[in-house]
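Q: Could we go through this structure together, one topic at a time?

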Number of protein chains: 2
Amino acid sequence: MSLSQIEYFVAIAEEGHMGRAARRLHVSQPPLSRQLRALEDELGARLFARTPRGMRLLPAGEAFLTEARAVLDAVEAARRAVERTRDPRRE
Amino acid sequence: MSLSQIEYFVAIAEEGHMGRAARRLHVSQPPLSRQLRALEDELGARLFARTPRGMRLLPAGEAFLTEARAVLDAVEAARRAVERTRDPRRE
DNA sequence: CGCGTCCAATACCGATTTCGCATCGGCCGG
DNA sequence: CCGGCCGATGCGAAATCGGTATTGGACGCG
């Protein structure tokens with residue numbers, strides 16, 4: 001599992017559509033498809049249902065989405081924590 | 001920033017020593033040195049002071065360590081969240 | 001004072017991973 | 001049927017990553 005896989009997953013979940021998620025992430029569609037599959041394989045569960053119109057979250061995906069956002073938020077918090085030690089704390 | 005960089009950083013912080021961290025992570029020392037530098041470059045701050053005896057956390061490193069653990073915990077939580085949807089909730 | 005030792009950093013190379021382009025297969029709507 | 005819109009896959013190029021070997025610097029001991 002990698003941070004970009006998590007970012008990809010969240011984008012797909014929010015767009016409900018791989019093409020749009022790809023455009024938003026500035027990557028092409030195949031990497032998204034592959035990384036999502038790799039993520040599902042590693043987790044041992046399908047996260048999306050592939051429909052002819054796009055991607056719809058499955059229960060496992062719903063559960064993962066919440067925690068995935070928490071991971072990304074934690075990463076942002078980590079970045080800011082370092083930032084804060086640089087500037088002499090102006091809050 | 002990648003999850004392995006975060007794992008590497010935490011291991012170095014806990015061991016205070018690159019060689020021991022490398023052994024614990026089952027990688028060799030050079031990758032650790034490189035990934036740590038890449039992390040520091042990306043964050044724009046030194047996380048450790050390099051001493052002749054090993055690595056000592058700097059203030060930025062202390063701040064990052066707390067949040068880094070939170071990230072790894074969040075990843076674990078995400079894994080378990082999916083796991084929970086697989087087994088029909090036996091709690 | 002050297003000299004051996006222990007530390008992280010770097011050079012170099014091979015292996016693995018990842019990407020993008022092109023294309024395929026499936027599924028609807030007309 | 002057929003055309004268009006999905007995600008999935010094959011493939012070759014590019015980037016990433018790890019390991020071995022080596023360097024450079026600081027301390028401890030004779």
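A: The conversation below goes through the structure by topic.

Q: Before the details, what kind of model is this, and how is it labelled?
A: This is a predicted model, in which local features need pLDDT of at least 70, side-chain atom pairs count only at pLDDT 80 or more, and totals for chains, interfaces and linings use all residues. Residues are numbered from 1 along each chain as its sequence is written, while chains are lettered from A and ligands numbered from 1 in the order in which they are written.

Q: How many residues surround DNA strand D?
A: There are 19 residues around DNA strand D, and the closest are M18(A), P30(A), S33(A), S28(B) and P30(B). A residue is near a strand if its C-beta atom, placed from the backbone, lies within 6 Å of it.

Q: Which elements give two or more residues there?
A: They are helix 2 (18–25), helix 3 (29–43) and strand 2 (54–57) of chain A, together with helix 3 (29–43) of chain B. Helix 3 of chain A gives the largest share, five residues. Helices (H or I, at least four residues) and strands (E, at least two) are DSSP runs, numbered from the N terminus.

Q: And by class?
A: The surface near DNA strand D has seven nonpolar, nine polar and three charged residues. Here Ala, Val, Leu, Ile, Met, Phe, Trp, Tyr, Cys and Pro count as nonpolar, Asp, Glu, Lys and Arg as charged, and the others, Gly among them, as polar.

Q: What about DNA strand C: which residues come nearest?
A: Of the 19 residues around DNA strand C, the nearest are P30(A), P31(A), M18(B), P30(B) and S33(B). Helix 3 of chain B gives the most to this surface, with five residues. The surface near DNA strand C divides into seven nonpolar, nine polar and three charged residues.

Q: Is T85(A) buried, exposed or partly exposed, and why?
A: T85(A) is partly exposed because 18 other C-beta atoms lie within 10 Å. A residue is buried if 20 or more other C-beta atoms lie within 10 Å of its own, exposed if 12 or fewer, and partly exposed in between, with C-beta atoms placed from the backbone.

Q: Which residues have the most contacts inside the largest nonpolar core?
A: They are V71(A) and V71(B), in a core of 46 residues. A nonpolar core is a set of buried Ala, Val, Leu, Ile, Met, Phe, Trp, Tyr and Cys residues joined through C-beta atoms within 7 Å. In soluble globular proteins, nonpolar side chains tend to be buried together.

Q: What does V71(A) contact?
A: Leaving aside neighbours within four places in sequence, V71(A) is in contact with I6(A), V71(B), A74(B), V75(B) and A78(B).

Q: Which residues of helix 1 of chain A are buried?
A: I6(A), Y8(A), F9(A), I12(A) and A13(A) are buried. Seen down the axis of helix 1 of chain A, they fall within an arc of 160 degrees, so they line one face of the helix. The arc is that of the directions from the helix axis to the C-beta atoms.

Q: What do they pack against?
A: The buried residues of helix 1 of chain A pack against helix 2, helix 3, strand 1 (48–51), strand 2 and helix 4 of chain A.

Q: One last topic: where does H26(A) lie?
A: H26(A) lies in the loop between helix 2 and helix 3 of chain A. H26(A) has a positive phi of about 60 degrees although it is not a glycine.

Q: Buried or exposed, and why?
A: H26(A) counts as exposed because it has 6 C-beta neighbours inside 10 Å.

Definitions and conventions
Contact = placed C-beta atoms within 7 Å.
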